[in-house]
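Good morning, everyone, and thank you for making the time.

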Amino acid sequence: MVEESKSSVPIRFDDEAWEALAATTNANRCFQCGTCTAACPLADSTPMRVRALIRRAQFGETDPLIWKCMTCAECNASCPRGVDIVGLVRHLRQEKWRTREVPKGLPTLLWGIYSDGNTFHLPPKDRAAWMKDVKVPGRGSTLLYVGCTASYDPRAQRTARSVAKLLNLAGVEFQVMGTDEVCCGEAARSVGNVGLYDDLQQRNSDAFRKRGVERVITISPHSFDALKVGQSKYGGPQVVHYTQALEELVDSGKVVGTVEKRTVTYHDPCYLGRHQGVFEPPRRLLELSGLTLVEMANNRAQSLCCGGGGGRMWMETDPLERPGSRRVSEAAGTGADLLATACPYCISVFESERGSEVIPVTDVAELVASGAKG
Amino acid sequence: MRIVVCMKVVPRPEEVKVNLETKTLDRAGARSVLNSADMNALETALAFRDAHGGTVAVLSMGPPQFEPYLRVALAVGADEAILLSDRAFGGADTLATSYTLATALPKIGGADLVVCGEESSDGGTSQVPPSIAEWLDASQATYVERIVAGKDGTTVLATRALEDGKETVELVLPAVISVVVGSNEPRFIDYDRWAFAQSAKVKVLDFAALGGDPQYLGLQGSPTRVAGLREVRKPGRRRELVTVTADEAAFRIKAEIERVGRVRS
Amino acid sequence: MIDVREGGIWVYAERRGDSFLPVSLELMGKAREIADRLGVELTALTVGRDGGAGAQLRRYGPDHVLELAHPLLTTYDAKAYATAISAELRRSKPSTLLLGATRNGQDLAGRLAIRMRTGLTAHVTALELDDRQNLIGWVPGFGGGIEAGVSCPVRRPQMVTVKPGVFPLPESGTPTGDVTKVVPELSEKDVGSRRISFEPKGSTVDLTRAGVIVVGGRGTGGDFTRIERLAHLLGGEVGATRVATDAGWVERDRMIGQTGVITHPELALVFGASGAVQFTVGIEGANTVIAVNRDPAAPIFDHADLGIVGDLGPVVDSLLRALAA
Ligand SMILES: Cc1cc2nc3c(=O)[nH]c(=O)nc-3n(C[C@H](O)[C@H](O)[C@H](O)COP(=O)(O)OP(=O)(O)OC[C@H]3O[C@@H](n4cnc5c(N)ncnc54)[C@H](O)[C@@H]3O)c2cc1C
Ligand code: SF4
Ligand code: SF4
């Protein structure tokens, strides 16, 4: 018997996988130009090649590198055919939950979300600890949705307090869910577990309805994206990011104030910018507070990902593969006094990359709050 | 092979309050979870079934409110669920608990392998698994990290985590094992099984259906008594903050180390 | 009402080869004290392939040493051991049996208690006698915050397993008591398991099971030699924050936290870590946390039982001196 040479092995086309792919994504639009490969920030530091990943998916194969994806959507933004590559990555991850081939640690993350309602495995009864001395009116149809990170992470709690303080200064009536709040589901969606994501959307929808919520203000862009997309299915409330809500308040003169004269550069979080198209409100907030904005070369839709999205907060990344340090250097290179952003993941990442050693890292709400008067 | 996993629903430790005057535990209003080590037991059983075939049933003793938790185990992958529920079973210590669970086994189709968690987070005795083994006259291995099938289906090989190393024993079936907490990563709920898990019948056995010897059941059948309760540590961190000289800091830290050191496992 | 004084106190002395575990000797010391108070006899029980080793136990004050020796008892098996021991318990009717709460001790006790249809108090950290002279064993529960005092007033022998290190190791003294060797009746069908291999504990790092962890963060500035000395003195392991492992100061498998290891030590000593949530989730399960940081506002102090505000260098030096003294 003659041994078949490797190259003559026929390519098998997995019809079932292809149909599932075509039904939930638009990956069949891809004409393999490779623009996305070049746009992907992982191309420099890892073997990730987005075009090849899509090709393999068309043959029913899953590139193990899908787990490194940060769902930053730099590829989506670059694709001439409008392929939703982030959607494809989530779809491929979802299939891996079926076959139980997911990275270590992710089932534990989901168990924590399922039973504790948060991504940290921390007690639900501590969820309102972020409030400390902040008083909340507890009335009205506006809800401040805090999210897991700003509820439990002491760094991000400061952002939540700043936003609450600004809403109070402006005399906005709003409520918070306190210990009843549960995860928005973005972490579950990003690692591909649609079942848990749907469950959380349902739980949140029920809670919003019970509380008569008509408008949700989120701290995290990840909650913003997940709730905005997820709640639309339920005809749910209007969902906005805090930078949008605060911009209105500052514009209408309900909050005023200036911070000492300094220059600031602003990092667009992927989920606020590329995913939801909110580029200007954070910039206007900074400028209305009297700060001078200096842009990085890669700004707005071209912003570079910090590396914290796509579930990467729960998967260890080799220091050489982390895009965060590059972004910190870029920010420092502008010569600005401060690096401001509007996402708790971005802040964690920049801080852990020792960002503050080269340029102090802060949050837009905190900057605005530091100078604000009612 | 038929595998039965014994699972307990436990209150979250941070939500249990002690009433120091009445010396009773107040679990009312405390949220519950499936005991952590029992999740590792379930994973061990499911992985074994997936590799060698067979069925996995989950068995629990407790009030009817436990039923939704057993449905979670079904959604994770168990084939059936049984709840032993009767006021007569209440107040059981490890002797009565293990008797009740062991007595139920023949009534629910028996088991070649019973898999438990190493201990529960509330009682923490780790005595139930070896006790079940004794009631059944079965072989046993506790603190197991891994099991593999034996040669001809009459044994399993169990690797136990001991203080000084890892021991692998060959266990004659039927056997009872207890699984070390954290020895594997429990698979998450499979939402494709959700509808099945919600509609499946959870078999409930009461005292009449169990038909055990009342002298070993519930509070009355329990030889141990809780003579007292005391709070050794306030819930949460103490958060004592001091600014002192280095020598004094060292003194304080050393005192703390000695306090902890008295109770080392 | 059953009276403890009716029978003697037995201690199960657990063997490793030809020597005995420290916890068994600790129990001998405590049991001698109780036996004297009650005016009853103390018997040390040991099980193995051969007799002989039991003579060592005479140095810890027993009235009797009982050796159960049989080829089927060569390696530990709960079923065989319980069969051999229960026969002796039935014959001599001691009122009390104490065992060390080791893994095999726990494994045996659970089986033996049922064989004897008696009550067992496990993982005891303190032992008292009540006014009817029943033993009350205090056991931690619910994550260690609450202790329950458990007794067994109506059945004998009352059985208790005690955690290692609860009682002091007694001095070895002049030999006392007699040694009796018994060959129990056992057959193959009494054996439930057979040891087929044993792999001694290696040098692999396993922070998940460490009892003491000394953690260094960025504040150490990379000086982990003193952190290692401290861990060594305390019989613990070195842990680190991600900043410290990123910098290459410590191996990656010592990183604690969200994307590192989740630990549950009795004691965590944390030097120069700010207390980012990605780190603190990894020490949430520690029984006691002590933190040293020069920033009084560092969030780590919210996660510490004792917080020391100050430069970590001199504190570590003083502590090393204090512990070495
Ligand atoms: C995706 C992701 C995952 C992560 N996972 C983990 C993880 O698993 N584990 C982890 O640890 N981190 C993790 N991090 C990083 C985490 O967010 C923090 O950046 C990190 O824990 C901070 O480490 P540190 O406390 O050592 O450093 P810093 O935050 O810089 O704190 C150093 C502290 O030392 C104090 N100090 C300095 N000098 C002295 C002195 N001489 N004496 C006393 N005190 C001094 C300072 O006051 C400061 O509080 C993760 C981050 C991301 C983005
Ligand atoms: S979303 Fe970002 S990380 Fe993922 S493939 Fe696209 S460009 Fe690469
Ligand atoms: S950029 Fe779009 S069309 Fe081009 S290879 Fe990538 S997905 Fe396909």
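Let us begin with chain C and chain B, which bury about 7,200 Å² between them, with 54% of that area on carbon and sulfur atoms. Before I go further, please keep in mind that this is a predicted model, and that the values I quote are computed from it.

Which residues build this contact? Chain C brings 85 residues to it, and chain B brings 82 residues. If we ask how many salt bridges are counted between chain C and chain B, the count comes to 15. You can find an example in the side chains of E118(B) and R103(C), which meet in a salt bridge at 3.7 Å, taken from N to O. Between chain C and chain B there are also 46 residue pairs in polar contact, with both residues of a pair at pLDDT 80 or more. On the side of chain C that touches chain B, the largest share comes from helix α3 of chain C, residues 103-115, which gives nine residues. Sorted by class, that side of chain C has 41 nonpolar, 23 polar and 21 charged residues.

Now let us turn to chain A, where the domain assignment gives domain 1 as 15-98, domain 2 as 106-248 and domain 3 as 256-371. The C-alpha centres of domain 1 and domain 2 of chain A lie 29 Å apart, and five residues of domain 1 are in contact with nine residues of domain 2. Together, domain 1 and domain 2 of chain A bury about 680 Å², of which 58% is on carbon and sulfur atoms. Within domain 1, the residues that lose the most area to domain 2 are R90(A), Q94(A) and W97(A), and together they account for 75% of what that side buries. Across this interface of domain 1 and domain 2 of chain A, the rule finds zero salt bridges, although it does find two residue pairs in polar contact. By class, the side of domain 1 that touches domain 2 has two nonpolar, one polar and two charged residues.

Finally, what surrounds ligand 3? There are 14 residues around ligand 3, and the closest are C30(A), C33(A), G34(A), C36(A) and C79(A). Two helices of chain A, α2 (35-39) and α3 (50-58), each supply at least two residues of this shell. The shell around ligand 3 divides into nine nonpolar, three polar and two charged residues.

Methods: Residues are numbered from 1 along each chain as its sequence is written. Chains are lettered from A and ligands numbered from 1 in the order in which they are written. This is a predicted model: local features need pLDDT of at least 70, side-chain atom pairs count only at pLDDT 80 or more; totals for chains, interfaces and linings use all residues. Side-chain values use heavy atoms; hydrogens and water are left out. Domain bounds come from an automatic or database domain assignment. Contact means heavy atoms within 4.5 Å. Buried area is the accessible area (1.4 Å probe) that two parts lose on being put together, summed over both. A salt bridge is a side-chain nitrogen of Lys or Arg within 4 Å of a carboxyl oxygen of Asp or Glu. A polar contact is a pair of N or O atoms within 3.5 Å; within protein, one must be able to donate a hydrogen and the other to accept it, and residues adjacent in sequence count only if both atoms are side-chain atoms. Ala, Val, Leu, Ile, Met, Phe, Trp, Tyr, Cys and Pro count as nonpolar, Asp, Glu, Lys and Arg as charged, and the others, Gly among them, as polar. A residue is near a molecule or strand if one of its heavy atoms lies within 4 Å of it. Helices (H or I, at least four residues) and strands (E, at least two) are DSSP runs, numbered from the N terminus.
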